[in-house]
Every structure is written in structure tokens, then in C-alpha cells.
Amino acid sequence: MSVAAKATVNPFGVTKCDDFSDEEIFRFWIEPAGISAVHLLQPTRLMPMQVIGGKGSGKTHLLRYFSRPVQLMRQGSTRSPLVDRQGFIGIYVKCDSLNASRFSGKGQQEELWSAVFQYFLDLWLAQILLSQLPNLSLSVQEEIARRASDLFDEPPTDVPQTLEHLVGLLRGFQRDIDIAINNLPLTRKLDVRIKAGPSRLIFGLPHILGEAVAELRNTVFLYLLDEIENFNEAQQKYVNTLIRHRKGSCSFRVGSRLYGIKTSNTLEEETNRRGSEFDVLELDSHWLRAKKKYVDFSERLCIRRLQAAGHFSGTITDDRQKLRNAFEEPSSAHFYQDYTARLVSKYEDWERPYFRKLRDQLLRFAVGSRRLGVLSNDDVQPIIRRLQRPPYPLLEKLNAFLLYKAWAKRANLQKASESISKQCLVFVQSGGRKPSTYFSAYQHFSGDMLAQLTRETSHKVRYLGIDTFIRMSSGLPRNLLIILKNAYDWAIFNDEEPFAGKPISIESQERAVVESCSWFFEEARPEQNAEQVQRSVDRLAILFREIRYSDKPSECSLSTFSCPSQDIDETSKLSLRLAEDWSMLIRHVRGQKDRNSQRVDQKYQLSPMLAPRWNLPISRRGALALTAEEVNLIFGRAAEADFVKMKEGRIQRMNAPFKGGEPAPRQASLEL
Amino acid sequence: MIDYSICYKRQLAPTDPYFATRQFDTLIAAFTSDKRSRALFDKINATRKQWVVFPEYGFQQSECPAGAFIGPDGADEAHLITSLLDTVVSQSDRICVDITGFLAPYLLFLIRSIAARGITTVEMLYAEPGRYLKSEETTFSGEEVRSVRQVYGFEGTHGADTTKDLLVVGAGYDHQLMKMVATTKEGARPIQIFGLPALQPDMYQQNILRAARAAEALGGRGVGEHADNHLVPAHDPFATATFLSKLIEDTPFTNLYLCPLATKPQVAGFGIFYVTECLAKPVSILYPFCGSFPKQTSDGIGRFWAYTIELDLK
Amino acid sequence: MTNLSADDCKTIGDDLRTKLKILSGTIWQARANSPQIDSWLANFTGEVVATDTERTYALYLLTRLMYYGQREIRALLRALYRDLFRYPILSEIRRANGDTKDSVLLNNLFEQELQATRFVGLGDVATSGPMLLYELRLATELRDDVFTTLDAILAGKASDVPPAVKRYVFIDDLCATGDQATGYSRDLVEPIRSRYGSSVELLYFVMFATAEALGNLMPPATNFDRVRAVHVLDESFKSFGPNSRYFPAADGKLDLATGKATATRYGAKLSGSPLGYGNCQLLLAFQYNTPDNTLPIIWSKVGSWTPIFERRS
């Protein structure tokens, strides 16, 4: 029927990272960072634990790793002894599956909901526990079932004989509640009979099992409650109560996103304290510590996908190289000579924009200054000429930058430009190794200078290549998959045959990055205060951007700031918290944490998945030290005008004439 | 599987004899600024005609038609609809509902509530849009999504085994809403329904363009050809219900979550299906509840439809 | 008529290209990727307004083109069968049986009606008629024996004529002016009518029709007893008509006059009807062919013009 259709399957089309089993994730990524899963979670330790982590921290993988089904898979067979040498049974539940938001409102009292919810949760967990015990003899089952029936205030009329019957009974009780809740809007009455006191089943069943089954005598029954942020405060209080008053050999591991724990109180309003009633395992900055391993893991992920799609089929080493080569990137040889030559090619006969700007600035602000060595207009040209090195626009930019630095120090610009010129020559002749001062400047600022050059020549600042994409993904494989998915789609649309020998073009990568950043920005939308948080991040990014693209940026590769933790106002604190929770900012832990989790100073990086929106660097080196007042202006409710004023104040020192520079006696009529 | 396509439906001409011959006891219609939500109110013969104004539209008292039912302050979908029906409807009424301006949760609960009152037949009318104000860039919901939750009366009896969970999304234009719902049930296998035939021939690809922005959240299956992307008519509640009926017959699942985010007839189809086949099952209807909705989303009027909903099919 | 600023061309163009990427990767099944789009855009060389402006309008029109691929066509044919054919018969049966809900009974009675029906493609092998019939068969999984050809009917093949058959359903894809269908009625269908009179029902069902064309075909203007379309294209689908749904666009930056002038100017070099046969001004294409009622700039191969969705004659 048709004209040739060439639809292809995108190897990165499914952006959920389901490619590795929980086992493999540990092997390739989390464990190699130094600590095994068992050491992290300590499943046989009775002390309850909170496992806190944002998206992509591996929290769910870690908890699921210890769930009974995965335990059994690890042993390789479901017919192995009840409990292996590990000594625990993991009862895993995703809190969301209870649809707990049902248990509130609808014209009923909160106390009633509380009681119903507790009973419901008990039934839910009991069903999971019981349905994960493998074959027991009928007599043992009968004993368990009988004793379990006694846990109820009113024993059931039809006493179950087997575990299956028992589970069926519990399921029936649960269904009764579900049906009652679903009919509630019609009947206006919550018709629920609570048949067992709170926690009777949760602690009672393990006790019974421990007594009735020999192999379970010394087993820890580990309740793994994942994503507890789906419970409201009252519901979390019940869990806290269970933790505080846990019995026998039961324990809890509670998984939550960064700020998902709503309360540490129990139903009786006692407070559980970290260190006494529970420990905390924080996973969120895990990948920051394990960077190398994450890179390795990411490459494996990509290669695995590409192999599955038939694009790659070699050894890991070969395929790693193929992956690198699959993306068009400008060559960094000879200080990006080819690439920068193309950028400036349109200025063939004219002065390059950065020198024109410098010239205008010198004419406007420096002429007439004895100190700077610029007595008349004629003194400007020699300075510029010394900075020129036409085959290497990037070095020219660096030279201009060094001159600005000298200018800011009020040094003699004639001498300075001579010195820069000499150093530049040595640098080129030594292949970019000497002298050390120039080399150091290049190391630190070449990235920023390249970005500036790109913008000044009216091109888009680019983020290219697999290394960049891995770094952008900031520890979340999903982000990487999305960038690659978009890159592949654009490459196909541009008829490029990606991963089949030809590298994906710069244009396709550009489009992919723009799309991926937009997606991330949209995703990172907090449920509350979204506008406030997005505006704060926008302000921060604009400040960073103006610094990066100023004449004399104070920090190189700026995407991070530090600030004190005192004197930050409440709105700003909330904005910071939400921005971090939604991965727009990444908090870098530094120094000693004190017991109540207050940092001496805090350090935040703008997410590399957002940085391209403002043409900011995705790697981080320098950090901007902000005062509390400045933080409040950025993250608080300050009016735009006040923020702008603060920003201009900072930027002024970085742009000619570097605040305090003497204006030329004749006010130039030149407009910059 | 139940074949809902035996139910009567009829496309109405502007001067259709239907309007003269059919008589109802009660007509309920939802008020919006779209002309099409008001087009049928005067044409229908009904002893009692009742406008209802949903708070999410943000109408001022003065903007509402005289005698409109406004509902108690802060009422949820169950409360508002129950109060409405209590005031307006008695057991034996022949009820007609113009669903054009209804918001999904209210429409769904209306179906549940009517069924619970033992009423087995209700006539639903629908006026299609001529076109949306900004094609695929039209906004259909306010900024703040307050919560994703089950619609009252559509909360199923779910189980702890989530290995084969399904999420069936009626893909609409509002990709933010689709994303929110998909994120809530990340572990579920997503199945998307796209309206084809669409209400207007160019709306199918507008739908594709818009839903593509939610593709990531829906497991990256995108909006193209895929076994889990289905084409179901946008204007036909019975085809929708039949599709869902076949789906649960063919697809084993542990828990099923439904989310109709496209046209009102689609929402009605989900509601009919649920009330007929899903009560006391591990099936729920989820919805991203918004604080506000725009008063107007479309221009012009397409076709008029009358659907005779039967709530006692087996 | 105004030119767009360079910035606008860039911003609007980028946005449109992103949409085209989605369309290309989905509905178009990669039939027109970036290089094909660029070749097509190269046709527009600034004869009406600035080149970049013309190309932005072209991109916009391309995003509005209603393209139906194989999957979509099958879905429409299913809808045609279900809504235009099956439902009216089924509901009549139901009413005649006291509104029964017994689907087994209803389906049995419907089966009898189906057995007495034949689906026929209009037009010869070169046209889309037979192909559509084939697609209909795949889409609905109907048995072979309810399909037949005009030749078989006119030859009086017993299984395909009354009294075995009481209903013929003629299928087509687009009825934009009604000219072709009127021709069919007169040349192909009339013999059936004259031979069998009112003992047969003659139904003409299409996927798309303009309101105007449908009006032209209603009995007694033709031999068809009933004429229906899955989608009726009203005035607003006339790309540059006064009620066009396509303009203004991009928050008012793209206006109808400029769009029309551009399409007309280049269209005039390509066809005697610069905006499509019958001046229909449609933006509609099928995977298997593009109707000539669609703007010629989309499909024409005249001279050195590079089409984007070419029309095969």
C-alpha cells in the first residue's frame, strides 16, 4: 500500500531504567561504592531505620532487594529452606498501593479514619507476610491459622484451616472496608467493623510464626514500607507508634523521599528520636561520592540497550569506544582551533567581537589614565594587537580575560599586555603546557571563555557528547535515557542513521538537550509553591549567567553557591528545601553534620539538567559565596527590583571599568 | 465481555424531531462560557430544567443563570452531586443530562449516584466543539493540580500484589495532567487510548502532538504505534465502554487504574463501564483534581449527540 | 501581507519543526523527515514575501495537514462499519424486538442482515476503491463472502444479487465535491438500480466528505438511498476560506492573507486549480495517496516542484 516507511525503534525509547535486576544494580553501581547492601540496611538489626533518598538514589532498589521474593530469587530456587542464613524475612510494601488518601474527609471524623486505617494497614501487611511463606505442613498451617484467628476480637465463625484460607479471610475483611469506603459517598455512613486491635496482627503473626515454625524461631520479621510520603501525618503517626512500640523480633525499614517524613510523633504525641528509636540512612548524595562508578554504570546501561537493539555487538571496551564516537563533538586539538575558527569565520575582514568590545571599553573608560598606561586613544591599539593570536580565538579570549584582570587591579596595561603576549607565545609553542600561570588560567577558564566566544559570535552554547550527557544526568539514569532518546529521535528525523557508523550531529544533540532540559524543568515542579520555587531558581541561574558572561568572572565554571544556614528567612528555607527535594538544586554535604541535621554551611549546585537553559556549565568548580541576605533576595519574597539591585552590585565588579575605574575625561559619545 | 454498542445513540440535527417528541421530567446541564454547553438547554422538553455551576469554573454569582444550583462551599464531587440530585430528582424521573459542560469527577459520580438510586436509564446529551481555541496549545485546566486521587464512589478493592498493575489513560490534550497521574502509578503498565475518529478530523493529531509531551511519564511508549496504544472513537461512550470491557477480558491484571482525560463522552463511557462491571473489584478511577478550569475552551459547535445510557446491562 | 521578523521565523520555525518531528515519528511513519522537508521548503523562494517567511508559513501548513496512515485508516474503516453500517441495522432490530438487551439474539438477527449485504469498492483497480475494500476486510475481519465486485453484480451472480442480497454498500475515502460519486452513481450504480429497483438498498459510505458534497449526493440527485461520512469537513477546513480554522495562528503572527497568497502563487504554477480541485483548499493526505483537493503545493510534481506528500495518478 505504502511509500517506504522506515520507522525504527528507539533503543532508549523506554525511559524507565528496568534493564538491570536489583542484583545487578548493586553489583554495578551501589555496592562498588564501597558498602554492600547488607551493610547499608542491616536487615537483621532490630533497630528501625529510615531510608531517605530522592529520585534515583536507589532507595527503592535497596528496599526491594531485601523483600522476600527477591531474597528467594537470589537463592536461585523457591524450594530452598524457609529462611536462608540471612536470618530475616522482608515484607515489602509500596505505601502508594494502599491508596491511603481514601482514609480521610468524606464527612467522617478523623479519629474514625485513624482507627480504620490502622486496621487496614495491619490487614494489608498481614496478607503480604502470610502469602510469602512457602510450603508448610498442613498441621503447622492449621496451628498458625487457628492461633491467628485468636488475634481477632471476635473469632471468625468459619475458622480457617490453612494459610490460604487465612489469607482469604483477611482479604475478605479488607474488601469489606474497601466496599464500605467506596459506598460511603452514597450511604454517608462508614460502616466498618474493626475486628482486631491496632498492631495485633503486625506483631502477633510473627510471634505465632516464630513459635509454630522451627526455622523461624530466630528470624527477624522486617517490614519494608517504601514511599511513606504517600501517608498523611496521622497515618505516619501510626507507623511511628509501631516503631516506638515494636515487639519481639519485628523491625521496620521506612523509605521516604527527601522531605517525605511529615512527623516524628506517635499517636500519643511522643517523639521518636534519631539515634534512640530509629536510625537514618541517607542515600541522596550517594552518587556524588561514587562518580566513577556511576559513569561506568551509565556506559554499561547504554551499551546494553544498544546491544539489545542490534546496534552494538562487540566487547565492552570496543563498545565503549563506539559509544564515545557516536556523537559529533568539536575537536579540542590545538585549543579548539577548528571549532573556534568556524565560530569567527563570519568576521573575516572585521575585528573579532571580543576585541571590538575591549577596544570600546578601553576608549571609553581607560583613556586618560596614567596608572593604566593609557594616555591617549593611540595607546589602545598596541594593547589589542599584543593580545591577538588569530589562529587561536580561544587564546585571544583568554588573553582579553587576563587583561581585564590586570585592569581590575589597576596595573599598567601596556606592560600587562606585553606579558600576556609573551606567555601566550610560550603556551602555544609548548603545546599548552607552560608557563604555569597561563596554563592554570587556561585550565580554569577555558570552558567559560569558549562559552563566551560561542555566544559572542551568535552561536548556541553547546552540550555535546556522551560524557556531557552522563554528567548532566546527575546520578539519575532516567535523565540520561531521556537525553539519548531525544538525540536518537532527532537524529532519525534528520536522516542521520545514529549508532550505525555516523555520529549524531551537533544539531541533533542540541535539540535533544533543549528538549530534555525543558522536560526536566517541567517535571521539577513542586506540588506547592511551584511558581515561587521556579522563580528563585531562575534568579539564581540569572545571577550565575551574568557572572559567567561578564568580562572578568569571579569564579570559573560557576554553577554552585555556598551560604550560611543562619539568618535565612522562612520563605527562602522552604524554597531551598523544595528546590532540593525536586532535584533542581543538588546539595553537597560538607563538613560535620550535627545531630539535628543542621549544617555549618550549605552548598548547592544548580542541577546540570537545568544548567543548559541558562547556558551555564554542567561541571562545577568554583562556588559563589552568598550572604544570608543575598540568599533571601534570591529565594525569598523580595521584589524583582531589589534582587536586580543586588545582582548589579555584584556584577559591576566584574565588568569594565570594574567599579572604581576612572572614566575618560571626555565622556565618550560611543555607545557600546 | 459486554457489548454496550447495542445502546441507542443518535446524532441530532439542529431542528431534529427528537426535540419535539422526547419528553423528560428533569434536565440537568452544566454552565460554562462555551456556547455549546448552552445550545441544547432551550431545545429540550423537560418539566424541570436545572443549571448547575461548578465552583472550579470560578463564575461570580452575577454571571450564573437564575436559579442555578451552585452547591455548598468546599463540597467534593460526591457532596455536590448528591445535594443536586436530592433537590432535583425523585425516583421515577425520566432524567436528561447535558454533559457538555460537566467536569469529569462530577459526571462520574452522577452516573454512580443515579445507578445507586435504582434508576436504570438516563439520557445524556453532548454538543461537540467546533474547534478548540488554540488547537493543541489550548489550556484545559488551571495551573495547580491539588491532588491525584480516586474519584469518590470509584475506589476499588485493591491488593498488595502490584506486579501486573495496569493504568489505562484516556489521553487528552492536557499533558501535565497525564504526567501527574502516570507518576502516581509509576509501577503500572500504561495503556493509552487516543480518540479516533476524533471529534473533528484534525483533533487526532493535535492529540498526538500534545500527548507526546507526556510520553516520558507514560513509560516512553510514546504516542505512535504500539500494542498498548489504542484507537477508540472520541464521541462514543458505548464504544469506549465496550473497549474497556474487552480489555479486562483479554488482559489479566492485579490492579487496574482508569483515568479518562479526554472527551466527556469518553468519561461517560468509563463511568458506565465501571458501574456495570467493576464494583467491588480491584479497579479504581483516578483523577488529577484541579482547583480551577477555564470557563471557555472552544469555539463553534460540532455535532449534537443523544446517548441513552442503560445501567443494567449484564 | 507582512514579513515575519528573523526572530519570529526562528522561534516559530523551531516550534513547528519539533512538532513535525513528532508527527514524522508517529503518524507519518518516518515518511517525511528533515531532509525531505528541507527539499520541499526549498521550493519557496520569496516570490510573495521574504523567503524565510514563506517557509515558515509552509511549515505551519504542513503541521496542519491531516495525515492518515494505515493504522488510522483501518480505525476509520472500523468506525465506518460500526457506526454507519452496523449500528443503524442493529438499533432497528432492537427496537423491533421490544428494546431487548439480549445480545445473542441481536447478534444473530444482525448476522442475517449482514449475510444479505455486499460491500463493493467503487472505481477500477487503479483507484483507491478496491484497496479500501481490502483494508476494510482486514479492519473488521468480515468473511470473504460479504465482499463482491460490480462486475459480479452486473453479471447476475446468484450469490451476489437479490433475493440473496438486499443491500449494497459502496465504500470510498473522500468525497470532496461529489463529482466523482455522481459519476459513479450514473455510470456504475444506475444499472443496478434499474435492474433491481427498490428491492435493493444502495448505500454510499465514505471516510471523509465535505458538507457541500454530501448535500449534492443526497437522493434523488443520485441513485444512492443513503449517503454518510465518518468525518464531515465543514467550511472551516477550507484552508483559506473566511471561516478557516487554521488562521490566525501563532498568536496572530501568521495571517490568512499571507498564507493564501503564498499557496496561490506557487499553486498556480502547479495546477489549474491553484488551491486544489474544486477549490476545496484541503489539507488532507492518506498514506496510499494524496487527494487532488488538497493544496497542490503539498502533492504536485509539475516541473521542478518537489512535493512533500506526492500524489500518484
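The largest nonpolar core of this predicted model has 200 residues; a nonpolar core is a set of buried Ala, Val, Leu, Ile, Met, Phe, Trp, Tyr and Cys residues joined through C-beta atoms within 7 Å. A residue counts as buried if 20 or more other C-beta atoms lie within 10 Å of its own, as exposed if 12 or fewer do, and as partly exposed in between, with C-beta atoms placed from the backbone. The residues with the most contacts inside the core are Leu107(B), Val169(B), Met178(B), Cys259(B) and Ile285(B). Helix α4 (residues 70-96) of chain C gives the most to this core, with 11 residues; helices (H or I, at least four residues) and strands (E, at least two) are DSSP runs, numbered from the N terminus. Leaving aside residues up to four places away in sequence, Cys259(B) touches Leu167(B), Val168(B), Val169(B), Gly170(B), Val181(B), Ile285(B), Leu286(B) and Tyr287(B), where contact requires C-beta atoms, placed from the backbone, within 7 Å. A second, separate core of 71 residues includes Phe469(A), Ile482(A), Ala512(A) and Leu606(A). In soluble globular proteins, nonpolar side chains tend to be buried together.

Residues are numbered from 1 along each chain as its sequence is written, while chains are lettered from A and ligands numbered from 1 in the order in which they are written. Local features need pLDDT of at least 70 and side-chain atom pairs count only at pLDDT 80 or more, whereas totals for chains, interfaces and linings use all residues.

In chain A, helix α23 (residues 570-581) has 12 residues, which at 1.5 Å a residue should span 16 Å, and its end C-alpha atoms are 16 Å apart, in agreement; the expected span is 1.5 Å times one less than the number of residues. Buried residues of α23(A) include Ser572(A), Leu576(A) and Asp581(A). Among the elements covering them are α22 (530-548), β7 (585-588) and α24 (628-635) of chain A. Just after α23(A), Ser583(A) takes a positive phi of about 65°.

Chain A averages a pLDDT (the predictor's confidence in each residue, from 0 to 100) of 88, and 90% of the residues score at least 70. Among its elements, helix α10 (residues 286-289) of chain A has the lowest mean pLDDT (61), and helix α9 (residues 233-244) of chain A the highest (97). Over residues 1-6 of chain A the pLDDT is below 50, and this stretch has 12 contacts beyond near neighbours in sequence. Where pLDDT is low, the predicted coordinates should not be read in detail.

Notes:
Contact = placed C-beta atoms within 7 Å.
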